[in-house]
Amino acid sequence: MPLTELVLDGFKSFAEKTTIHFNDGITGIVGPNGSGKSNITEAIRWVMGESSAKSLRGTNMKDVIFAGSQYRKPLNKAEVTLVFDNKDRELAFDADQVSITRRILRSGDSEFLINNQQVRMRDVRALFLDSGISPNSLAIISQGRVDQILNSRPEQRRLIFEEAAGVLHFKQQKEEAQTQLKKTQDNLIRINDLVKELE
Ligand code: ATP
């Protein structure tokens, strides 16, 4: 499922709609300090469902919207699209090409789209997790991440392996099911109490 295209529009320093094409082989992005190289990897993580503004070097998710410069007014919307070649069906979505879009407005409204259809953030996260990647997986290694991994505790390092092996998705599903089960058990207790009162 090669990433073939990244479209940034109003995301951080990318005020103008910018399309980056990824061809076969390795793509290198070079530029002076502060020119926006890290913003590109952050844009990719953002579309994949990154929910921590801090890990995108902001305090609020709206900080990803172009904040204005000496020559340009701030924008009211940020939008990023990832386009994958999905002929190998590694993404569990039945289409040869899959485009995933995340959009946020200054009002705080935000949405996710898969092939132009509105979905929830958890659908996008699940789509990626099923294929063994996530916003924090080793598919994207940011500055300082290698040191962080080497210095992490064994339990934290185990999470990295679990994610790469595709186990993390099942663990999350298990936690969701356990929460649901607990809610149902609480409801049953309440119903039994009510039945006893009525008897
Ligand atoms: P380095 O080589 O030093 O790591 P870089 O090329 O990776 O730099 P980035 O860190 O991606 O650069 O980009 C930082 C630039 O993005 C800064 O100039 C910053 O002002 C700009 N920037 C970040 N957020 C926004 C925003 N919301 N609106 C406008 N510009 C922004």
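Is Arg-57 buried or exposed? Arg-57 is exposed, because 12 other C-beta atoms lie within 10 Å.

The model is predicted: local features need pLDDT of at least 70, side-chain atom pairs count only at pLDDT 80 or more, and totals for chains, interfaces and linings use all residues. Residues are numbered from 1 along each chain as its sequence is written.

Arg-57 lies in the loop between α1 (37–47) and β3 (77–85). Helices (H or I, at least four residues) and strands (E, at least two) are DSSP runs, numbered from the N terminus. The phi of Arg-57 is positive, at about 60 degrees, although Arg-57 is not a glycine. Most residues other than glycine have a negative phi.

A positive phi is also found at Arg-89, where the value is near 55 degrees. Arg-89 is not a glycine either. The loop between β3 and β4 (97–105) holds this residue. Arg-89 is partly exposed, because 13 other C-beta atoms lie within 10 Å.

Pro-2 sits in the segment before β1 (3–9). Pro-2 is partly exposed, with 13 other C-beta atoms within 10 Å. Leaving aside neighbours within four places in sequence, Pro-2 is in contact (C-beta atoms, placed from the backbone, within 7 Å) with Phe-22, Phe-84 and Asp-85. Lys-73 is 71 residues from Pro-2 along the chain, and the C-alpha atoms of the two are separated by 35 Å.

Definitions and conventions:
Buried ≥ 20, exposed ≤ 12 C-beta atoms within 10 Å, placed from the backbone. Contact = placed C-beta atoms within 7 Å.
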